[in-house]
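Take a walk through this protein with its structure at hand.

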Amino acid sequence: MKRVNDFGNSSCYPGRSKYARFEEPFRQTRNKSGLKSNVPHTHTCKQGSLCCPATLADISAKMAASKIPFQLVEERYTRVPEPVVMKFITWSFPRSEADIQRYSALACDSDEYSFGKKTAVPSEQRGQGSDQEGHRPGLRPDHAGSANLDGQETTFKQGIALTNNGAVQQPMQIGFHLSGAVQDKTNDSSQQQFTEHSFQKKLTTRTYNVAVTFDRCKVTSSTCNCQDGEAIFFCRHIVALLIYRLRNPTKVKIRAPISDSLQQLNRDQLQKLTQYLLTRHVHVLPTAQEIADRFCDPGSHINVVHGAPDPTAGAGFQDDDRWNLDDSDVSKHVRGLLAQCSSKSSAQQLYSMMRKVREMMKVRDNNGARLLTLITKELLQHSSHMRSQQSNNVCSQLWDEIGLLWICVILYPSDQQEKESFLKQLKTWSSDSQCPSEDDSADFSLFRSSSPDRTVLSRAIEAGSLTWLDQHLNVILCGKNTKSSRITGEEISHHSGGSANFNSKGQPLWHEHIPTACARVEALRSYGYTIEAVRLAVAIARTIRESTVNKYKTYQQCQQQKEALPVERNNGCGLVGHPLNPIRILFETLTSSYDASDEEVLKQEEGCSQESLRREAFEVCLLAVGEQRCMPRTTRAQEKMLAREKQLIDYIKQLTPEEDLIPILRNVTNLLLEGGSRSGFGKHVHRESMPMHSFATYLFNALHSHDRKLAFKVGVQAMRIPILDTTNDQSQCSDNRNRATRSPVHRLEHRSERNRENAEGIFESSPPQLNLNYSATWSVMGDIETRQYDLASALLESAKGDVMLLRMVVESIQRNVRNTSHVFQLSHDAFKCATFQTGATAPDPTMLHVAMQLSMQVLRMTMQGGTWRRTEMVGWLVTCATEIGLSALMSVIKSWYTLFTPVEACTMVASCVISANTAMRLNLDPRQREELYQNVCQMAVQCAVKDPQSCALCSLTLSETFTAAFDNVYHVIIDASNKRRIDSGQLYTTARYLDQRGFHARAFAVAYAATRRLRVPFNHDAHPAANDLLWTTQLAQSLGMQELEDLINIIVNKVRCASVLSDVLRTCTSSISGRLPNCAGSYGNRGLRADRPPLRPLLEAAISAYVSTIHSKLSHISPRHYTEFIDFLNKARDTFLMAPDGYTEFSRLLANLKTIYKGKKKLLNLVTLRFG
């Protein structure tokens, strides 16, 4: 709203009959960001010092213009000299290019925050999200991020380029209003140029009209007739005009507010001015007529109020002292981005807006809190419309950042009324059902208190009760611990809190809940109080170190007194899993780069030099990541925990462990190893504690070249996954079990200088039995197991050449690694280390044994459950054993039952072992080949005993040339058939194999056993064993009458199907084939008589089966089956005729059918027609 000037106060500016331009020389300097700013020009003497300081009027106008609205000056003083007015107007314009840059793009400066971590944004990538024309970044989601991705110039740089190229024309400043024309080249789609390959748009020059208003060194409004002139941030044309005015103040015409010029005109001049304006701007004629009509009405509001609005007179009392930021435009823009937040570009712009909030807060721009308020409102409304998982992830990250920023806003020591307004708004949002709930943890509150229905904004509401009035806190923030003024013992005694607030060196500590204290640091740092933030961060880091050392001493005293400390869920999710991410705040605060002036101040304080801060950050990060913490319950919280741990480890890696950091690294590692249950590396931790694989991998790699023993100690200790460790919960019940749990590290610590075992015998001890039927209660178990594999691989590779270390590492892998794919990959890694050696002539036998031991482990693990890679794993073990030698291969064969299933042993393993390639690889002589073959045959016999159903035939095939083994397999098959451990189909297949190999008697014995297991019902004409019965009958005929008689007796008892019985009968009565030598002597070329022994029982059984089947079919026959029934009767008659009185019996059967089933006349007619 523009200020209203009172026309009746003619003495407001005396002596205004003539107006001259107020011109004052300026010189340009550069601020901390390297951007230009204007200060009054003063003479500089030859020595370089300022000998002509600014006048008191300049200084007063400069200070007043930045703090006081011009309306207050007008009302306070009745007569203001014109030079003072012009100075005030001149100094009210923005003075720094950094402020203009802040409102020209979403991206931050290189020294600003990035979303989630502090990162330097390259200058060529600033202004992320600008569209192709480079006007205003982040305005439309479909053009989001194109400028940043394509490396185009940002809006601010494009505006500077326009200024430098002379694009700004006719600049004029009237009071607090600046206007001008900017010429720019744009793509004209109406005109195109044809090139050899494509069309190209022609660049045309257009003129854009730009106008801005300003007050108290802030731009309060801006307009431009380009396509992005009315958006959130400045377009490049507005930037060009502002930069031109800032850099060339003497080239811009500066006039007093337009109301002052109008006061000098008489009635005729005012009428002419009005008519000239209406002539040049005809489109405002309706508005002018409407205002004229109001003047004609005596009771209208325009006649009652004194004065009229003046767009050039500056802001009034009721106007906000802030940069222009339109709420509706921001809300609309954020709403559009949230609707498309599943896309990467929209999500990137949302993150940029959060960085913009931090950028504004750092310079204490009150638009930061306003922008945060608008984003929170829109995100709260959008929470109920989220659909995709990616949208949920983006919004979850935004809520985390919003919660932290609101804590900073509440903790900022600003106006109490504004603070209460923010708290009231936060409570309203927190009570909304759409506000996301806080992550599941009892230690996420600022004050260690848990309450139901907590939301992500609850911590910000709790921060409202925090104050900055504590005496000791002020001592820390004011930097009373400088090198020259260290606090003495006498001062400590008189200080609030006494010696508890200081360490032994007299340095201050801050005993507050760590996340709360870090929230204070973040608030100070966010609002630009860099030195105070560093001082408090150093005090917090000292406190964390002192607390950890005290807990370590307490644990050691309990150990010496043999007191058992309970293993409890004591640390919650720790500092790493806390939503505020306090360790990241401390690390970034201690390691950030600061201005030269800030660094000079910090150097004067003890423990605040750059090297000291680097050591503090390194140590506190190590202690926090190594802290024992339990895995949260929700999936998102678990993923966040792992991500933050990885982020902190990456921070630590940025600090290259040099000589000054190695002692800290060694001391912290020892402290963590001996820290008890409070440490993640303690011997006894809670079952739900988060594993330390990633952190242990970093410690191992960093310590390996400095302290090899300590590196392996921490690596082996961290190999476990407590939730899968079945011995962890009972580790305190027995000293023996304690020693078993700690055995790898115990052996490393107490390893004597005894003679080492040879490589072949070092892995003879049996591996521990693992319970693989565990429930994966953690959704991130896959990621944890991957980290465990990385640690194990690093340990294996580094332990090469040290037999005892290798044994310790392998035992740890066998005890702790439950993922079969990772164990299999570790076996491959060990094999590569053994074979691919630079300059080595032979593989490393120790590493080959490691590879074989791990491959045996994975086969044991997959013995019951199985895996789709089981075949590959079996072949890999044989490959490893073959690479080692004959002894290893023999050992695998002798212990096959612990590694393979019987089918795998007698098929894949046996065929691979006795192959010619294996013999050539091992260079075996005939004696060794025979010994190997005999062992394989013994394995085949054992497989047949263990699984005769699947391994009988394969075992016979393997042992065919080894008589003793072949006989043993045969007897196993017979015994298994008697015990019903093998079905008839497999027995028939085995019998056919024996018959083909010439073992006819044994083939019949097996086939006879199969027939005894057989049952063929009366209606099963197409039984799969029918052909086997016929083949067995022919085999029995070839052996003799006794065998045939025994077989027929079994068939009569087991077979009830008439068709099968008749087929067997015809086989026996047909002409004798060449394979029947024993029957040919008695019967010549004729078959056996069906009405004589031994076929007489078979004939009677077949006739009886036909009679029963005929009656059964007629009981439920339908007309469509009549033809089939007639064919069946025909087969029955052929069987009846094989008996001496068969014709009579068949006729009697037909007569009986006609009597019983006389109702089926159609069927009986067909029977009569066919059989008479």
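This is a predicted model: local features need pLDDT of at least 70, side-chain atom pairs count only at pLDDT 80 or more; totals for chains, interfaces and linings use all residues.

Residues are numbered from 1 along each chain as its sequence is written, and side-chain values use heavy atoms, without hydrogens or water.

Start with confidence. pLDDT is the predictor's confidence in each residue, from 0 to 100. Its mean here is 79, and 78% of the residues reach 70 or more. Residues 108-152 stay under 50. Residues 440-444 are also below 50.

Now turn to the helix pair. Helices are DSSP runs of H or I with at least four residues, strands are E runs of at least two, and both are numbered from the N terminus. Helix 44 (residues 1026-1039) packs on helix 45 (residues 1041-1054) at about 150°. Their axes are 7 Å apart. Axes are lines fitted to C-alpha atoms, for helices over the stretch in contact, and angles run from 0 to 180 degrees between N-to-C directions. Helix 44 is therefore roughly antiparallel to helix 45, a label for angles over 145 degrees. Contact means heavy atoms within 4.5 Å. On helix 44, the contacting residues include Leu1029 and Ala1036; on helix 45, they include Leu1044 and Ile1051.

Terms used: Angles under 35 degrees count as roughly parallel, over 145 as roughly antiparallel, 65 to 115 as roughly perpendicular and the rest as oblique.
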